[in-house]
Amino acid sequence: MISRDDIRGTYDTIRPYIRRTPVVQLDLGDLDPDGTSRAWTAQSAVTLKLEYMQCAGSFKARGAFANLLLRDVPPAGVVAASGGNHGVAVAYAANRRGVAARIFVPTVSAPAKIERIRRLGAELVVTGDRYAEALAAAQAWAETSGAMSVHAFDQRETLLGQGTVALELEEQVGQLDTVLVPVGGGGLIGGIASWFAGGTRVIGVEPDGAPTLTRARAEGRPADAPAEGVAADALAPRRVGELVFPITQAYVEDVVLVDDASILAAQRALWEAARITAEPAASVGIAALLTGAYKAAPGERVAVVISGANMAPAQLGGNGD
């Protein structure tokens, strides 16, 4: 397990390299001006943690810098596999630290994310249809090259970095009842749950086409799940991490599912109501509130992590990746 002291120490280390992203309170009625969704009427407002404004366009920069600053980077540099956001973050961190980086991404990765990795100077390899294939290729490269592998979610330093999202959120808004967190491999929810450690309810939100944590909880262990849908480049790693799973078993109260149509509707609503440029994967928490997948109680203090925005401008209309 990871302690609050571990996360705070990591924050002190990475703080010079990351942004303290803002929070904003949004009336849910603004997201549903026609009143077509009544699931949220008991809860009129929600706090958003705007990690889409983080360096490199997502929360992933925190874990990337934690790896590069807390571990000894070899002369061969670093290697990472990613659906997109982690690759952008590792390329960005490597660029800032003057470290060579090779990033493996699957063909499902969004073109905007691929292009950003290239612009940051990393060597890019596009291989396989899904994250799992890219990960296998990255692991093989690490073994032959001596490069340090920076795992997207199943690495202690990655979890420590992602946990700093919760540290900031608590400092910014005080006590919360509930935090809704997007789930793919589980690095973000694992870090956040480690910080709150049961003191605040943590709810995972997954696309129904990529139910990694839902499947793991049903089977009592990390297990393969489908890897489909509009958020497949960010929330579809096939299975939740081995390090992540026991943390979620201890500190994550529930996991809810939302479908693609709800995700895209939430993405459009965030843009239209507040000009928040969330990618589909970052919109799942709002989708859970608007559809009633998560029903907040009257007066419940709810926060949602808006995790990233690495996408092309055309995607703001809800066209997916």
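Guide: Start with α8, where Gly187, Leu188, Ile189, Gly190, Gly191, Ile192, Ala193, Ser194, Trp195 and Phe196 are buried. Keep in mind that this is a predicted model.

Visitor: How many residues of α8 are buried, out of how many?

Guide: 10 of its 10. The helix covers residues 187-196 and is mostly covered.

Visitor: Take α10. How do the axes of α8 and α10 cross?

Guide: They come within 9 Å and cross at roughly 50 degrees. That angle makes α8 oblique to α10. The crossing is left-handed.

Visitor: Which residues make the contact?

Guide: From α8, Gly187, Ile189, Gly190, Ala193 and Ser194. From α10, Val244, Ile247, Thr248 and Tyr251. By class, this contact has 5 nonpolar, 4 polar and no charged residues.

Visitor: What comes just after α8?

Guide: Ala197, with a positive phi of about 45 degrees.

Visitor: New topic. Is strand β2 buried or exposed?

Guide: Buried. 6 of the 6 residues of β2 (residues 45-50) are buried, so the strand is largely enclosed by the rest of the structure.

Visitor: Which residues sit on each side of β2?

Guide: Ala45, Thr47 and Lys49 are on one side. Val46, Leu48 and Leu50 are on the other. Both faces are covered. In a regular strand the side chains alternate between the two faces of the sheet.

Visitor: Which strand is joined to β2 by 5 bridges?

Guide: β1 (residues 23-27), and the two run antiparallel. Asp27 stands opposite Ala45 in β2.

Visitor: And what joins β2 to β10?

Guide: 4 bridges. β10 covers residues 302-306 and runs parallel to β2. Leu48 stands opposite Val304 in β10.

Visitor: Now the open sheet. What is the strand order?

Guide: β5-β4-β3-β6, 4 strands with parallel pairing. β5 (123-126) and β6 (148-149) stand at the edges, each with a single partner strand, so one side of each has no neighbour in the sheet.

Visitor: How many bridges pair β4 with β5?

Guide: 4 bridges, in the parallel sense. β4 covers residues 101-105. Arg102 stands opposite Glu123 in β5.

Visitor: Which helix lies across β3, β4 and β6?

Guide: α6 (residues 131-145). It runs at about 160 degrees to β3 (78-81).

Visitor: Last one. At what angle do α3 and α4 pack?

Guide: About 45 degrees, with their axes 8 Å apart. α3 covers residues 60-70 and α4 residues 85-97. The two helices are therefore oblique to each other. Their crossing is right-handed, whereas the crossing of α8 and α10 is left-handed.

Visitor: Which residues of α3 meet which of α4?

Guide: Lys60, Ala61, Ala64, Phe65, Leu68 and Leu69 come from α3. They meet Asn85, His86, Ala89, Val90, Tyr92, Ala93, Ala94, Arg96 and Arg97 in α4. The contact divides into 10 nonpolar, 2 polar and 3 charged residues.

Technical notes. Residues are numbered from 1 along each chain as its sequence is written. This is a predicted model: local features need pLDDT of at least 70, side-chain atom pairs count only at pLDDT 80 or more; totals for chains, interfaces and linings use all residues. Side-chain values use heavy atoms; hydrogens and water are left out. Buried means under 20% relative accessible area, exposed over 50%, partly exposed in between (1.4 Å probe, protein chains only). Two strands pair if DSSP finds at least two bridges between them. Axes are lines fitted to C-alpha atoms, for helices over the stretch in contact, and angles run from 0 to 180 degrees between N-to-C directions. Angles under 35 degrees count as roughly parallel, over 145 as roughly antiparallel, 65 to 115 as roughly perpendicular and the rest as oblique. A crossing is left-handed if the near helix is turned anticlockwise from the far one by less than a right angle, and right-handed if clockwise. Contact means heavy atoms within 4.5 Å. Ala, Val, Leu, Ile, Met, Phe, Trp, Tyr, Cys and Pro count as nonpolar, Asp, Glu, Lys and Arg as charged, and the others, Gly among them, as polar.
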